Amino acid sequence: MANVVVVGAQWGDEGKGKIVDWLSERADVIARFQGGHNAGHTLVVDGEVFKLNALPSGVVRGGKLSVIGNGVVLDPWHLVTEIEKIREQGVVITPETLMIAENTPLILPFHGELDRAREAQNSVAKIGTTGRGIGPCYEDKVGRRAIRVADLADKATLELRVDRALVHHNALRSGLGQEPIDRDALIAMLNEIAPQILQYAAPVWKVLNEKRRAGKRILFEGAQGALLDIDFGTYPFVTSSNVIAGQAAAGTGMGPGAIDFVLGIVKAYTTRVGEGPFPTELDDDDGQRLGERGHEFGTVTGRKRRCGWFDAALVRQTCAVSGVNGIALTKLDVLDGFETLKICIGYDLDGKQLDYLPTAADQQARCVPIYEEVPGWSESTEGARSWNDLPANAIKYVRHIEELIQCPVALLSTSPEREDTILVTDPFAD
Ligand code: GDP
Ligand code: IMO
Ligand code: MG
């Protein structure tokens, strides 16, 4: 049985949630493997909108197992609120349908405070984060002072873990001119939330390996996008986790052989939220139009997303680092009505042509995109559900992108609605 990893191939918000929801019909288990509630995944089912942050997008369909893997950082208070909200929309969540890895690190209130304090300094250190404590929590994980889900089960262990974390954080807070953390209040808060989280705690690595042996199909749901990857993204303007497909194995406790197909989610143009380089960014009417037609406002922070032309050089690069077997091209409908479209095929760096974005920040800043201009289409692609419904120039645009990124299109998306999706190749096919 095939297992599929869905990953973002640009700067996030490519439409992963919609595609994961659509694909989840074919899956038994849907597992998040990195990131946290910095993610904002939007699903639209028969006009009803579901917004998910920490929960896997598979929860909306009944009868599936949703999993939060160890590669995720989890804010327990946010999760409880998210579960309550999604239940109000009629979604059923029980310990039978949701499992959280026992070795998942917890995002605590002081992680968010630290994240926001750094961002508020408005200095060269500003990243434009979501302010949700993602970076500081991953720092604690790697620093071996994180509090993990399993620690909630034993009061003495929990206290030890809190003390370990506070040695570091109180020193840091004092340097930033902040009050020390109220140890007893934090422990009380954790003990209060513990039962609500522990009911979902499970040895996820074991459950997933058993499911795999039983022939169940696993869909791994990535958050963010490869250009926000801690190693391969536009560092330091990135998130604090590996978001590329290789992380699906380490972030859940499966071997790399468990991954049969990597589906890269690619928007038909480019967007980015937060600071950092963006070679094809547009600050003209075309950029404005993409933002308006595409409703490009962040799901998590409400910030306006920066918009620009499709960058084939970048997507070719991210498809390589994620080992993408096929892409889902989303938001094609947003390009309806443009007379001409531009596609970046590489960069001019000091008179030399590059077919990839270099790593050094000063070089990235000097890279001038090299564009190809292609004809647009005046017909509507919105809601198209088959190739035959697409105008000839839209098909040409898609085929040209395939050539440039050296990767075939497996799915196409033409509106936010679940069923407005065109299947070209089934990623789950053996
Ligand atoms: P994610 O973070 O990758 O899951 O993406 P987001 O949900 O943050 O942002 C994608 C937005 O585009 C959401 O509002 C989706 O409902 C919407 N969307 C997804 N696919 C399409 C599409 O094909 N066309 C249009 N117009 N909107 C889409
Ligand atoms: P989804 O899963 C778009 C961006 C932030 C910021 C940088 C670091 O919805 O695609 P962080 O809070 O992670 O430390 O912020 O990463 N960012 C995202 N941008 N989509 C996301 O998730 C993002 N998650 C983080 O805007 O630039
Ligand atoms: Mg999003």
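Predicted model: local features only at pLDDT ≥ 70, side-chain atom pairs only at ≥ 80, totals over all residues.
First, conventions. Local features need pLDDT of at least 70 and side-chain atom pairs pLDDT 80 or more, while totals for chains, interfaces and linings use all residues. Residues are numbered from 1 along each chain as written, chains are lettered from A and ligands numbered from 1 in written order, and side-chain values use heavy atoms, without hydrogens and water.

Now the shell. There are 18 residues around ligand 1, each with a heavy atom within 4 Å of it. Lys16, Gly17, Gly40, Asp333 and Ser413 come nearest. By class, the shell has two nonpolar, nine polar and seven charged residues; Asp, Glu, Lys and Arg count as charged, and Gly is among the polar ones.

Next, polar contacts, meaning pairs of N or O atoms within 3.5 Å. A polar backbone atom of Gly17 is 2.8 Å from an oxygen atom of ligand 1.

Which elements give two or more residues to the shell? They are helix H1 (16-24) and strand E3 (41-45), taken as DSSP runs of at least four residues for helices and at least two for strands. H1 gives the most, with three residues.

Last, domains, with bounds from an automatic or database assignment. Domain 1 (4-104 + 201-261) and domain 3 (266-423) each supply at least three residues to the shell.

Terms used:
Polar contact = N/O pair within 3.5 Å; in protein donor to acceptor, adjacent residues only side chain to side chain.
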